[in-house]
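I opened a notebook page for a structure that was new to me. These entries keep what I looked up, in the order in which I went through it.

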Amino acid sequence: LGINLSSCTVCADELKGLLEDIKATGAPVTASLAWEKLYIGGVGFRQATTAQSLSELGGAGWQLTGPRELSPSTSAGGGAVHVEPLESR
């Protein structure tokens, strides 16, 4: 998938579940997600991209590619998040 903004936490949960469901069928699958900019969320930043949500996507098997340096607002609950493309598994 190629998207303009990194996935919010809700979308990350959905994408993680989708990949787990596909894998449960026994079908071989390679999943990659690439984005152009960090999504910092809307009012209150409740669904902003987080380091944890990206880590969970990677742990589920998504190959992630985004800008090397992401800087979520401190009001979004985070400091700098460093993301590098993951190698193929």
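**Basis.** I noted that this is a predicted model, in which local features need pLDDT of at least 70 and side-chain atom pairs count only at pLDDT 80 or more, while totals for chains, interfaces and linings use all residues. Residues are numbered from 1 along each chain as its sequence is written, and side-chain values use heavy atoms, with hydrogens and water left out.

**Whole chain.** I looked up the elements and found two helices and five strands, which follow the pattern β-α-β-α-β-β-β along the sequence; helices (H or I, at least four residues) and strands (E, at least two) are DSSP runs numbered from the N terminus. Of the 89 residues in the chain, 33% are buried, where buried means under 20% relative accessible area, exposed means over 50%, and partly exposed lies in between (1.4 Å probe, protein chains only). Among contacts with a separation of 6 or more, 69% join residues 24 or more positions apart, a contact being heavy atoms within 4.5 Å.

**Helix α1.** I then turned to α1, whose 16 residues (9-24) reach 23 Å from the first C-alpha to the last, close to the 22 Å expected at 1.5 Å a residue; that expected span is 1.5 Å times one less than the number of residues. Which residues of α1 are buried? I listed Thr9, Ala12, Leu15 and Leu19. They lie on the same side of α1 because they cover an arc of only 120° around the axis, the arc being that of the directions from the helix axis to the C-beta atoms. An α-helix has 3.6 residues a turn, so residues three or four places apart point the same way. Glu14, Asp21 and Ala24 are exposed on the other side of α1. The cover over the buried residues of α1 includes β2 (31-37), α2 (51-60) and β3 (62-65).

**After the helix.** Just after α1, I found Gly26 with a positive phi of about 90°.

**The next loop.** Is Ile40 partly exposed or buried? Ile40, in the loop between β2 and α2, counts as partly exposed because its relative accessibility is 37%. My last entry is a distance: the C-alpha atoms of Ile40 and Thr50, ten residues apart along the chain, are separated by 8.7 Å.
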